[in-house]
Amino acid sequence: MQKTNSANIRQLTILGMLTAIVVVLQLLGSFIRFGVFSISLVLIPIVVGAALCGPWAGAWLGFVFSIVVLISGDASAFLAVNVPGTIIIVILKGTCAGLVAGLVFSLVNKLKFKGSRYVATVAAAVACPVVNTGIFLIGCFLFFYDTVAGWASALGYENAVAYMFLGLAGGNFLFELLFNVILSPVIVRIVNIGEKTA
């Protein structure tokens with residue numbers, strides 16, 4: 001019983017620290033922009049939390065990331081067009097990115113082959129920005145297609161889909177993906193340290 005309480009306290013402590021890191025990094029990241037939107041530096045702590053504490057911890061961290069995006073004004077261009085659609089997309093993309101990162105890490109890590117933790121971490125680090133950007137693009141298509149088409153036309157893009165991939169999400173996605181993959185060895189070390197102290 002005492003061991004279970006100790007493990008729960010440890011997980012809550014880790015989750016509390018990572019929650020604070022997510023808030024601070026998202027606020028700092030709002031000053032770094034590629035195109036229309038700021039980059040998401042928070043995907044690394046989301047992956048760390050998902051790997052150390054499980055998929056629901058990843059979902060929580062992704063949810064916190066989403067709330068900070070909404071409060072900070074980073075989604076203001078979309079809020080001006082469709083408030084419910086924006087809230088749905090922002091919360092869904094962040095929460096699902098964390099949840100999927102945790103599920104991917106858990107599934108791959110359970111295979112227990114040589115290097116499974118490293119592969120699981122890289123897979124989770126890739127899944128997080130893919131899900132985040134994928135849901136964003138689907139949401140743009142479902143809720144904001146006419147608006148995005150107008151933006152695309154004004155900027156000289158041939159069509160809205162090209163603008164969504166190249167103008168709205170392209171640079172950010174590539175940065176976030178490369179940032180996560182490059183820092184994957186650091187995430188592995190953090191996860192290894194976290195599991196040794198458990």
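The structure is a predicted model, in which local features need pLDDT of at least 70 and side-chain atom pairs count only at pLDDT 80 or more, whereas totals for chains, interfaces and linings use all residues. Residues are numbered from 1 along each chain as its sequence is written, and side-chain values use heavy atoms, with hydrogens and water left out.

The protein contains nine helices and two strands, where helices (H or I, at least four residues) and strands (E, at least two) are DSSP runs numbered from the N terminus. Read from the N terminus, the order of these elements is α-β-β-α-α-α-α-α-α-α-α. Of the 198 residues, 45% count as buried; buried here means under 20% relative accessible area, exposed means over 50%, and partly exposed lies in between, with a 1.4 Å probe and protein chains only. The protein exposes about 10,000 Å², of which carbon and sulfur atoms supply 73%, the areas coming from the Shrake-Rupley method with a 1.4 Å probe, in which only the protein chains shown count as cover for residues. When contacts (heavy atoms within 4.5 Å) are taken between residues at least 6 apart in sequence, 70% of them join residues at least 24 apart.

Helix α3 has 18 residues, and the distance from its first C-alpha to its last is 26 Å, close to the 26 Å expected at 1.5 Å a residue; the expected span of a helix is 1.5 Å times one less than its number of residues. The buried residues of α3 include P55, A57, G58, L61, G62 and S66. S66, found in this helix (residues 55-72), counts as buried because its relative accessibility is 1%. A polar atom of the S66 side chain lies 2.9 Å from the backbone oxygen of G62, and, leaving aside neighbours within four places in sequence, S66 is in contact with V90, I91, G94 and T95. Just after α3, G73 takes a positive phi of about 90°.

Helix α4 (residues 76-79) contains L79, which counts as partly exposed because its relative accessibility is 24%. Residues up to four places away in sequence not being counted, L79 touches L70, T86 and I87.

In the loop between α5 (83-109) and α6 (116-143) lies K112, which counts as exposed at 61% relative accessibility. Most residues other than glycine have a negative phi. The phi of K112, however, is near 55°, a positive value in a residue other than glycine.

Helix α8 (residues 160-182) has 23 residues, which at 1.5 Å a residue should span 33 Å, and this agrees with the 31 Å between its end C-alpha atoms. At A169, α8 bends by about 65°, the bend being the angle between axes fitted to the seven residues ending at a residue and the seven starting there. A169 is also one of the buried residues of α8, as are G167, L168 and G170. The N-terminal end of α8 is capped by N159, a side-chain oxygen of which lies 3.1 Å from the backbone nitrogen of V161.

C53 is buried, with a relative accessible area of 16%, and C128 counts as buried at 0% relative accessibility. With a disulfide defined as a pair of cysteine sulfur atoms within 2.5 Å, the count comes to zero disulfides.

Notes
A polar contact is a pair of N or O atoms within 3.5 Å; within protein, one must be able to donate a hydrogen and the other to accept it, and residues adjacent in sequence count only if both atoms are side-chain atoms.
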